[in-house]
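Let's take a walk through this structure together, one piece at a time. Keep the 3D view open and follow along as we go.

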Amino acid sequence: MFTLNMLAPGQSAEVVCVSGADSISSRLREMGFVPGEAVRLLRLAPLGDPLKCMIHGSRIALRNREAQRVVVSPQ
Amino acid sequence: MVQTSRRVVLVGNPNTGKSTLFGALSGVSVRTGNYAGVTIEKKVGRLADSDFTVELVDLPGTYSLSPRSPDEFVAVEVLTGVAVGEAVPDLVVCVVNATVLRRNLFLVSQLRELGCPLLVVVNMIDAARSRDLSVDCETLAANLGVPVIAISASKREGIEQLRLAIHEALTSATSVEPIRPLPAAFYEISARVSKQLASQTNLTLAKESRVNLYLIERALLDACGETEKTIIRRSGERAKLILETGRADLKRTLGELNEIECQSRYAWSRQMLEGVLGDGGRESHRVTDWLDSILTHRVFGLFIFAGLMLLIFQSIYAWSGIPMAAIESAQGYLSGLIESVLAPGILRSLVVDGIIGGVGGVLIFVPQIGLLFLFLAILEDFGYMARAAFLVDRIMSLLGLSGKSFLPLMSSFACAVPGVMATRVIENPRDRLATIFVAPFMSCSARLPVYLLLITAFVPATSVIGGFVSLRGLVLLAMYLVGVFVAIPTAWLLKRTVLRGESSPLVLELPEYKWPDWRVIGLRVYEACKAFVIRAGTLIFAASIVIWAAGYLPGNHSRQHELQTLIKTAESDSAQLVIWQTELQGESGRLLEESFLGQLGHVIEPAVKPLGWDWRIGVGAIASFPAREVIIATLGTVYSLGGDVDEENEGLMDALRASTWPDGTPVYNIPVALSIMVFFALCAQCVSTLLVMKRETNSWRWPIFSFVYMTTLAYFGAMLTYQIGMRF
């Protein structure tokens, strides 16, 4: 399973799904991590966590722990 | 003509320029307060309109209407009109960002589903235009079935059209047919659950059946959410069972409910944008990409961050000195004026020491609060704050906090009062409470006089480590570190005990950079200062009066007042003057010892003896409850030097060194000085901080808990310091 945090900076992917049924997963889905959406990893914070990605034309910072819930298929 | 009042509620995602629009519509006529029982701020403004007064309510920015905490539930309650003491809104204005329309329409879909009278405002149309993104608002309005107005709040473009549109929407009162973006099966099952709840329980969430149904739909969608909790609280186990059965039905028919909801809403959003967005245009903002490559750079990013923090810290510390000195001298001038008019007596003491001293004690914080909020507002409006949180999140997450806690803690080194107020940027309530709780452990500037006095008086001026560092400097540094080292395990423990909960995720939008809007910044600074002075200030003032009374009563002050009159009329260089002054100092010291405060000092002496303290230090510690630095003036009074001494006063240092126990042994030695300093490093002797905590958490629980916790720590910390120190 390939997840958002495994992408290289600059790499684009398509969201497959967000795993989990708790409020963190709901929040991610509400923020636009829904199947078919294009996402691009922009960069990592200086200490390697969190990461910054681009989705729906806006930049979102996520911790690795949250990014692991976002299953993607790299392009 | 009868003036009727209408209610307009402003909602929108964060970073849509909602507060800029709120400012543009309502000017500065804003009332702020808290909603009953929660920490979120309620902002109400007025909108000028010829036919009726319009009350404009600004809700905190939100991505969705699914309430996960009592704070978020307030937004839903206000929108649906079921909140206690809140009227049903006549119109909801949803602000969307023209450059992130698809995601912003998620919230619009929830509002359209609610079926409230709605107006959609496409803000930042200028930013979209500069990137060749075109938005066809007429088509969007036709698709959505509600009016759509394009504006640029920061450039004040389209504000008049918006005013007219609001007026039109309020007068025409056309009903809006609710949409149903989710699969039909969802609404069928929801309706059935609603009927069951109505027939089997006494549940009424709202007067309108449409709102009632909407809230039940939300309860089904958000398992363990705040709507469900409210229903269960009102109607008990029976309602819980009905909801759970309904949810199981939904899951069987549709699958993972939240997934279905989000997919359906984004599909709806795509449908709404058909024919709305033109071809071409750049998705990404070049300036933001460029600035981010520097400001969030692995090396430069951290350096710039450290530099900015240093600048803010330094300015709160140094630049506020001038206005603070001005406030102090104004206070001194006023006191002098009163003293020249009023004869010495209880009234004069009340006015000068109680009232003017109390008001001054409140106003003295205003420059620091104003400066901190000026910086915060500039960085926030520019878009840097989210980046700062991004940079330091990793470090703060080790403590169970997030990157957003860094700045409030940092500014607490200058003063915990603005620091606690700055925690408003932290949305997660548990993180926010933990940050508020540990903020007073950061050594603020009020502790510095206490440290300086005791270090200069008792720590020898020797240098250590080959002459580079002075021992005094090391002790001072150690005092700053004591607070930090206690704060770390405190935050860690809090997040694992009282504030335990699902670890808060960091899902943070990094907005595009833009020029700060001076009107928004001005309003933020003004609001912060006003809120402090009015709501915390009155209580700080009251506490000052109480301490004044405890130190003044019940002694007979006639000789003291007589002496004060004599000194004022005496010639400046007469020998008699010196005698009178000495007698006055002795008299003031005696009166303080006999006052309620002094008596209390004697009562607690056995309790503070293990700390190496005598009753005088005990009195100092109690009298410094309004503010730590008061201990110096109190010690000055107890040692009969008059209250007008500061930490560089040689007489006070000599008096401390000469002070003895009844058996003749000196009271002060290095362990005692360290024990006092450790006590002041850890104690909660600052009524302003406690009252700001009360204001910000909207309950007495946290300040009381904080006071007990910090005082206990301070007591045992001081005892440990003294007992260990005496073994060497």
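**A walk through chain B**

The centres of domain 1 of chain B and domain 2 of chain B, taken over C-alpha atoms, sit 25 Å apart. Keep in mind that you're looking at a predicted model. If you want to find those two domains, the domain assignment puts domain 1 of chain B at 5-172 and domain 2 of chain B at 184-272.

So how do they meet? On one side, 19 residues of domain 1 of chain B are in contact, and they touch 18 residues of domain 2 of chain B. On the domain 1 side, the elements giving two or more residues are helix 2 (70-80), helix 3 (101-114) and helix 5 (137-144) of chain B. Helix 3 of chain B provides the largest share of that side, five residues. Sort the residues of this side of domain 1 by class and you get nine nonpolar, seven polar and three charged.

Next, look at helix 16 of chain B, residues 384-397. Helix 16 of chain B does have a kink, though: about 45°, centred on B:L391. This helix of chain B is also largely enclosed by the rest of the structure, because 12 of its 14 residues are buried. Among the buried ones are B:F390, B:L391 and B:V392, and also B:R387 and B:D393.

Helix 16 turns up again when we bring in the other chain. Here 32 residues from chain B make contact with 30 residues from chain A. On the chain B side, the elements that give two or more residues are helix 3, helix 10 (257-272), helix 12 (300-318), helix 16 and strand 10 (507-510). Helix 10 of chain B gives the most, with five residues. By class, the chain B side has 13 nonpolar, eight polar and 11 charged residues.

The axes of helix 30 (residues 687-697) and helix 31 (residues 701-725) of chain B come within 7 Å and cross at roughly 145°. Where they meet, helix 30 of chain B brings B:L690, B:M693, B:K694 and B:T697, while helix 31 of chain B brings B:W702, B:P703, B:S706 and B:F707. That contact between helix 30 and helix 31 of chain B has five nonpolar, two polar and one charged residues.

Definitions and conventions
Residues are numbered from 1 along each chain as its sequence is written. Chains are lettered from A and ligands numbered from 1 in the order in which they are written. This is a predicted model: local features need pLDDT of at least 70, side-chain atom pairs count only at pLDDT 80 or more; totals for chains, interfaces and linings use all residues. Domain bounds come from an automatic or database domain assignment. Two residues are in contact if their C-beta atoms, placed from the backbone, lie within 7 Å. Helices (H or I, at least four residues) and strands (E, at least two) are DSSP runs, numbered from the N terminus. Ala, Val, Leu, Ile, Met, Phe, Trp, Tyr, Cys and Pro count as nonpolar, Asp, Glu, Lys and Arg as charged, and the others, Gly among them, as polar. Axes are lines fitted to C-alpha atoms, for helices over the stretch in contact, and angles run from 0 to 180 degrees between N-to-C directions. The expected span of a helix is 1.5 Å times one less than its number of residues. The bend at a residue is the angle between axes fitted to the seven residues ending there and the seven starting there. A residue is buried if 20 or more other C-beta atoms lie within 10 Å of its own, exposed if 12 or fewer, and partly exposed in between; C-beta atoms are placed from the backbone.
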